[in-house]
Amino acid sequence: MGAVELSLGLILLVLVAGLAAGWIDAVVGGGGLLQLPALLLVPGITPVQALATNKLGSIFGTSTSAVTYFRRISPDLATAIPMACVALLGSFGGAIVALHLPQSVFKPIIVVALIAVALFTAFRPSIGAVSALKHRGRKHYGLAVLIGLAIGFYDGLIGPGTGSFLVIALVSVLGYSFLESSAKAKMINVATNLGALILFIPNGAVLWVLGLILGAGNLVGGYIGSRMAIARGNAFIRIVFLVVVFALIIKLGWDIATGA
């Protein structure tokens, strides 16, 4: 691990953060709100190491919840698989842009988008209650691919709230329920995490021991969260979604105000 130093207290903090983040990611996405700040508390870790290690931990949770959703509710793979493939490519593109442009350029735009998403969801309580597809055939799949590409690009560029954006796009644009959207979002998140790791691992940015500790927490949290979401249904997911989106608005707004 080089210069990175770990104590028992920090290991426990990262493990608990991973568990909580895995639960949030499994329900609606946005677990990075907890996971990244916890990693940045590790002495000697660099921002790039934190981002890369976060992706390693996250892929355990997203994979676990994706499998759990698949076994329990059998989501539409004909839509999810093409979205995952283009999301992986999009994440590459976003990562390339991120190397040349500061994230602070994009954060105000993301905050405005999140506020719009929160208001749209809050004032339309019936949205996402059941799956009622808005499009069929080529238009459905074309829109699905565009969503995957755009949000994959966002994940590579900035990252926070990727799962939440996926869920609301699947609900509002394509007409899936919150539960079905969460299931698809996990599969797509696996692809975007994998895309980032393909870039990070050859460059030696991943801290493997720390990432595996984080992954253990994510795995447990992802399993619990996906089971809870399936058991409690769309209304529960909608409430958690709104809480996470408001947390993202506060976090990114604070970053803008403080110049972070």
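Reader: Which side chains does a polar contact of 3.4 Å join at N193?

Author: In this predicted model, the partner is T62: the N193 and T62 side chains make a polar contact of 3.4 Å. There's another one at N193, a 3.5 Å polar contact with the side chain of K55.

Reader: Where does N193 lie, and is N193 buried or exposed?

Author: N193 lies in helix α8. Its relative accessibility is 5%, so N193 counts as buried.

Reader: What is N193 in contact with, leaving aside its neighbours within four places in sequence?

Author: Once those neighbours are set aside, the list for N193 is K55, S58, I59 and T62. Keep an eye on K55, which comes back with the salt bridges.

Reader: OK, salt bridges. What's the general idea, and how many does a search of the whole structure find?

Author: The general idea is that side chains of opposite charge can pair when their charged atoms come close. Searching the whole structure turns up two salt bridges. One of them brings together the side chains of D155 and K55, at 3.2 Å from N to O. That pair links distant parts of the chain, with D155 in helix α6 (residues 137-157) and K55 in helix α3 (residues 47-73), 100 residues apart.

Reader: Are D155 and K55 buried or exposed?

Author: Both D155 and K55 are buried. For D155 the relative accessibility is 8%, which is why D155 counts as buried.

Reader: What else does the side chain of D155 make a polar contact with?

Author: With the side chain of T192, at 2.9 Å. If you skip the neighbours within four places in sequence, D155 is in contact with K55, T162 and T192.

Reader: And which residue forms a salt bridge with K184?

Author: That's E180, and the closest N and O atoms of the pair are 2.3 Å apart. K184 and E180 sit four residues apart in helix α8 (residues 178-200), so about one helical turn separates them. K184 and E180 are both buried.

Reader: How many of the 13 residues of α7 are buried?

Author: Twelve of them, so you can read α7 as mostly covered. The buried ones include F165 and L174.

Reader: What is F165 in contact with, leaving aside its neighbours within four places in sequence?

Author: F165 is in contact with I110, A113, L114, V117, I151 and Y154 on that count. The C-alpha atoms of F165 and Y154 are 9.5 Å apart in space, while the two residues are eleven apart in sequence. The relative accessible area of F165 is 14%, so F165 is buried.

Reader: What relative accessible area does L174 have?

Author: 0%, so L174 is buried.

Reader: Last one, the surface. Which residues make the nonpolar surface patch of about 400 Å²?

Author: To join a patch, a residue needs over 30% relative accessible area. Here the patch is made by L19, L219, V220, Y223 and I224. Helix α9 (residues 208-258) gives the largest share, four residues. L19 is found in helix α1 (residues 8-27). Its relative accessible area is 38%, so L19 is partly exposed.

Notes: Residues numbered from 1 in each chain as written. Predicted model: local features only at pLDDT ≥ 70, side-chain atom pairs only at ≥ 80, totals over all residues. Heavy atoms only, no water. Patch = residues over 30% accessible without salt bridge, like charges linked within 9 Å, V, L, I, M, F, W, Y side chains within 5 Å. Areas by Shrake-Rupley, 256 points an atom, 1.4 Å probe, with all protein chains shown as cover. Salt bridge = Lys/Arg side-chain N within 4 Å of Asp/Glu carboxyl O. Helix = DSSP H or I, 4+ residues; strand = E, 2+ residues; numbered from the N terminus. Buried < 20%, exposed > 50% of the residue type's maximum accessible area, 1.4 Å probe, protein only. Polar contact = N/O pair within 3.5 Å; in protein donor to acceptor, adjacent residues only side chain to side chain. Contact = heavy atoms within 4.5 Å.
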